[in-house]
There are 2 protein chains.
Amino acid sequence: MPTSATPPPYYAVIFTSLRTDLDGEGYAATAARMEQLAAEQPGFLGVESARGADGVGITVSYWDSLESIRRWREHAEHQLAQQNGKAKWYAQYTLRICRVEEAYGFEAVPAQQKPSHAPPA
Amino acid sequence: MPTSATPPPYYAVIFTSLRTDLDGEGYAATAARMEQLAAEQPGFLGVESARGADGVGITVSYWDSLESIRRWREHAEHQLAQQNGKAKWYAQYTLRICRVEEAYGFEAVPAQQKPSHAPPA
């Protein structure tokens, strides 16, 4: 995922999908391959993905520019995966292209790592 | 989720999180309540959520403006939930505020619903 070293603005592609129950093995192999291939593209900043037991999945990939997103969309192997996605793997999906305007994070400090000189709460 | 009746531009809040294993019951109740409460706020357009078996979750909520997002962030009951999130429920999270520039969808036509007068492929 984009680290705090990547300040906004940058771009996000939000891909929300509902799987069919077809070809789980082929889907999983292609999903893993696409994640690997995306990471090799110019302008790629990171990817995050989650799919729940109800079949709804959200994948967000991050990019430095709209041009990088366009090139990845038109990549030949990715285009083949998109065709298989429509033919077999997805009952429906929505794709949104966004400009990230602001980002911030939180990380819990594990109890055993809290510095002993921390001020009282 | 925002229907095709909501043309861009609009706004998205991408909330990516990693759960602790603390207080699953309290977390689930609050997550459901926040989803209900968000839906009642002015400017709310929709929400999508997925969490995988690895504990990584992505929730994307959609809003008509940055002002609606700011109001929801400052809502009193939501603020309490945010405090509990940091204290108990999340090992880490990242929150990104985005402007949705472009959106499109795909829906598979179930085989039995294909019109019989469809042209040959």
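Visitor: What should I know before looking around?

Guide: Residues count from 1 along each chain as its sequence is written, and chains are lettered from A, with ligands numbered from 1, in the order in which they are written. As this is a predicted model, local features need pLDDT of at least 70, side-chain atom pairs count only at pLDDT 80 or more, and totals for chains, interfaces and linings use all residues, while side-chain values use heavy atoms, leaving out hydrogens and water.

Visitor: What is the mean pLDDT of chain A?

Guide: The mean is 89, and 87% of the residues of chain A reach 70 or more. pLDDT is the predictor's confidence in each residue, from 0 to 100. For the complex, the predictor gives an ipTM of 0.86 and a pTM of 0.87.

Visitor: Which elements does chain A have, and in what order do they run?

Guide: Chain A has three helices and four strands, running β-α-β-β-α-α-β from the N terminus on. Helices (H or I, at least four residues) and strands (E, at least two) are DSSP runs, numbered from the N terminus.

Visitor: What relation do chain A and chain B have?

Guide: A rotation of 180° with 0.0 Å of shift along its axis puts chain A onto chain B, with an RMSD of 0.0 Å. That is the relation of a two-fold axis. The superposition is by least squares on the C-alpha atoms of residues with pLDDT of at least 70 in both copies.

Visitor: How do you know through which surface the copies meet?

Guide: Of the interface residues of chain A, 100% are also interface residues in chain B, so the copies meet through the same surface.

Visitor: Why are Y10(B) and Y62(B) called an edge-to-face pair?

Guide: Rings of Phe, Tyr and Trp (its six-membered ring) pair if their centres lie within 6.5 Å; planes under 30 degrees apart count as stacked, over 60 as edge-to-face and the rest as tilted. By this rule there are 18 aromatic pairs over all chains. The ring centres of Y10(B) and Y62(B) are 6.0 Å apart and their planes stand at 75°, so the pair is edge-to-face. Y10(B) is in strand β1 (residues 10–19) and Y62(B) in strand β3 (residues 56–63) of chain B, so the pair ties together parts that are 52 residues apart in sequence.

Visitor: What makes Y10(B) buried?

Guide: Buried means under 20% relative accessible area, exposed over 50%, partly exposed in between (1.4 Å probe, protein chains only). Y10(B) has 3%, so it counts as buried, and Y62(B), at 0%, is buried too.

Visitor: How do you know what kind of pair F15(B) and Y90(B) form?

Guide: Their centres are 5.3 Å apart with 70° between the planes, making the aromatic pair edge-to-face. F15(B) sits in strand β1 and Y90(B) in strand β4 (residues 90–107) of chain B, so this pair ties together parts that are 75 residues apart in sequence. F15(B) is buried at 17% relative accessible area, and Y90(B) is buried at 12%.

Visitor: How do you know that the buried residues of α2(A) line one face of the helix?

Guide: In helix α2 (residues 66–73) of chain A, the buried residues are S68(A), I69(A) and W72(A). Seen down the axis of α2(A), these residues fall within an arc of 100°, so they line one face. The arc is that of the directions from the helix axis to the C-beta atoms. The buried residues of α2(A) pack against β1 (10–19), α1 (24–39), β3 (56–63), α3 (76–89) and β4 (90–107) of chain A. A contact here means heavy atoms within 4.5 Å.

Visitor: Why is D21(B) called exposed?

Guide: D21(B) has a relative accessible area of 76%, so it counts as exposed. D21(B) lies in the loop between β1 and α1 (24–39) of chain B.

Visitor: What makes D23(A) partly exposed?

Guide: Its relative accessible area is 31%, so D23(A) falls in the partly exposed class. D23(A) also has a positive phi, near 50°, and is not a glycine. Most residues other than glycine have a negative phi, and most peptide bonds are trans.

Visitor: Where is there a cis peptide bond in chain A?

Guide: A cis peptide bond joins P8(A) and P9(A), with omega about 5°. P9(A) lies in the segment before β1 of chain A.
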